[in-house]
There are 2 protein chains.
Amino acid sequence: MPKNSNLMIGIDLGGTKMMAAALDAQGKVAATRKQPTPANLGAEGVIREIAAVVAKLVKRVKPRKVDGICVGAPGAVDPKRGIVYHAPNLGWKQYPLAKLLGKQLDLPVTVDNDVNVGAVGEFALGAGKGARNLVAIFVGTGIGSGIIINGKLFHGSFGAAGEVGHVRMVSSGPLCGCGGRGCAEALASRSAMEKIIRRSIQMGRESIIPRLLEERNKDRITSSIIEAALAANDPLMLEVYERTQHRLGVLVADVINLLDPDTVVIGGGIAERMGEHFIAPIRETAFRHVMRAEGAEQIRIVPTALKELAGSIGAAVLAWQRFAHLNVGR
Amino acid sequence: MPKNSNLMIGIDLGGTKMMAAALDAQGKVAATRKQPTPANLGAEGVIREIAAVVAKLVKRVKPRKVDGICVGAPGAVDPKRGIVYHAPNLGWKQYPLAKLLGKQLDLPVTVDNDVNVGAVGEFALGAGKGARNLVAIFVGTGIGSGIIINGKLFHGSFGAAGEVGHVRMVSSGPLCGCGGRGCAEALASRSAMEKIIRRSIQMGRESIIPRLLEERNKDRITSSIIEAALAANDPLMLEVYERTQHRLGVLVADVINLLDPDTVVIGGGIAERMGEHFIAPIRETAFRHVMRAEGAEQIRIVPTALKELAGSIGAAVLAWQRFAHLNVGR
């Protein structure tokens, strides 16, 4: 087998599930695997589970060889030292993930942030192909973004670049998880939508959503519930959806005004499920709010193409960069 | 004379005045000159005036030789083609400044944006010395910023990066010059302060400011008027000053949350005049609003060091980079 048939494995480590993808140097996905994250078992249990996922993928792609691993972790990381500083969903602090996982797997391991690997995935092999400066905004429980500057992932000075969810959009808005008020995340994330919907229903507003939750046996207003409520033309859902799109459009304009990217990718559950239906009004609002001499229309504002694989594919792309100095997909 | 005693001239071209500085390769300013911009004479008149300023500086620094010129223009530029797209204060559109000025001077000429050259000045030789990622925010008639990423001026994809003045800070705030509502510029620029003060006085609020304007024969609330009103403990001035500082603090936090720079420099008239008195509360608010796992205190938030020379010195630094491939001051 020629050397370039080897693979790198990327892992998108979430608080509730992990997604893994084995990627070759041509940018082709050889195998993927999705598995729950046993966050309740603590860091050791999670590491064991990551190792098990990797072992299964390694077995599945045989005789091709896996040369390295990159994990996108949900929190603040130091990619150079391979440390996860702080991952609240996993209860990790100052955790030397690269070293410990590398020891268990006997493979080189590198780490980055989950949103950053998602941005790299879309940039290299997804909706951002051909971009030079890209911001990928992921809208889910929170709102985060990964930034590509001049074709390279930008970490910022202290590894904290891309916290677009904590841009203040209104001066005295709803309380955010960060302790602030009026952050984008507190106004336009999926969980912000959920809060507004629940409060409105509690206050007597009619909606199909309680019935949908019961029928589907769900306790959260997931993107599939949102889709169903929209399909049923639920007025409350429509109102909250449109308000969210408006907020996100203004947020995208803020990002464009500051960074002037050529491409903005919107990912996360709702964007994965609704695609252009979700993005079109965001794009329209953003173009209306962008300040520039030349036409804003040359900026691409597009939904995720890799969907739930964005993070794992992007992590594998980073592994190729860091361990083989190879820019997959560019 | 050794070759490295040669000079580059940087020009900070404003709508009402221009400032020029001749800089050597060691980062030492050999001569400066300030002159009104005869905007009413049209583009040709302005170019003639720039050429005259350069000629005077060239004469003054003799026998040292001037190798090139960089002009920071107040508007959107294309540095690669040397064109000023759109400079509303000068009434310029699609103006090939580098070519025309180069012909008159028989010297290589390059152009950039006035705020960008200011950022380069502070980064290379001012308050941002030693930085790697820096945002310089200039608060004056408007609010603009220049961004340094990994030690290099970042223009964005379409030359429009750094429009921090048009980040929406409140969802339905005062009308901005750009047509939007609630932009930072409409809330926290010197001219926004002036508007609020004038309206409050019209509505009957007591203030020392009308008397100061009369005594000093001024028709605008300049930074010197602001300084005098603050020194007199004028309650209206204090209130507006503090509100502006709060807004700017939140804006700085937004920028930090998105870009994670190691240094933020605040420039413009009020910062030049008031220095730390203006910056300290901005810094405090920014630190309170920054979202990050690690301490925010490692970020430097500092007033301009080069003051009204930031732009001309920065332009000369760019001329050194572009014509001699030399990083002055780094």
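Predicted model: local features only at pLDDT ≥ 70, side-chain atom pairs only at ≥ 80, totals over all residues.
Leaving aside its neighbours within four places in sequence, which residues is B:F278 in contact with?

View 1. Once its neighbours within four places in sequence are left aside, B:F278 is in contact with B:Y241, B:Q245, B:L248, B:I266, B:I270 and B:A271. B:F278 also belongs to the largest nonpolar core, a set of 107 residues in which A:F278 and B:F278 are those with the most contacts. In soluble globular proteins, nonpolar side chains tend to be buried together.

**View 2. The aromatic pairs of Y241 and F278 in chains A and B.** Over all chains the count comes to four aromatic pairs. Among them is the tilted pair of A:Y241 and A:F278, with 5.6 Å centre to centre and 40° between the planes. A:Y241 is part of helix α8 of chain A and A:F278 of helix α10 of chain A, so this pair ties together parts that lie 37 residues apart in sequence, and both A:Y241 and A:F278 are buried. In chain B, B:Y241 and B:F278 form a tilted aromatic pair as well, with 5.6 Å centre to centre and 40° between the planes. Because B:Y241 lies in helix α8 of chain B and B:F278 in helix α10 (residues 276-289) of chain B, the pair ties together parts 37 residues apart in sequence; B:Y241 and B:F278 are both buried.

**View 3. Helix α7 of chain A and the helices it packs against.** Helix α7 of chain A, which spans residues 223-231, is mostly covered, with seven of its nine residues buried. These buried residues are A:S223, A:S224, A:I225, A:I226, A:A228, A:A229 and A:L230, and they pack against α5 (190-202), α6 (209-215), α8 (235-259), α9 (269-274) and α10 (276-289) of chain A. The helix α7 of chain A is followed by A:N233, whose phi is positive, near 55°.

**View 4. B:L258 and its contacts in chain A.** B:L258 lies in helix α8 (residues 235-259) of chain B and is buried, with a relative accessible area of 3%. Leaving aside its neighbours within four places in sequence, B:L258 is in contact with A:S145, A:I147, A:A161, A:G162, A:E163, A:V164, A:V255, A:L258 and A:L259. The C-alpha atoms of B:L258 and B:V290, 32 residues apart along the chain, are separated by 9.9 Å.

**View 5. The rotation axis that relates chain B to chain A.** The same surface serves both copies, since 100% of the contact residues of chain B recur in chain A. Of the residues of chain B, B:V170 comes closest to the rotation axis, at 2.3 Å (C-alpha).

Methods
Residues numbered from 1 in each chain as written. Chains lettered and ligands numbered in written order. Heavy atoms only, no water. Buried < 20%, exposed > 50% of the residue type's maximum accessible area, 1.4 Å probe, protein only. Helix = DSSP H or I, 4+ residues; strand = E, 2+ residues; numbered from the N terminus. Contact = heavy atoms within 4.5 Å. Core = buried A, V, L, I, M, F, W, Y, C linked by side-chain atoms within 4.5 Å. Least-squares fit on C-alpha atoms with pLDDT ≥ 70 in both. Phe/Tyr/Trp six-rings, centres within 6.5 Å; stacked < 30°, edge-to-face > 60°.
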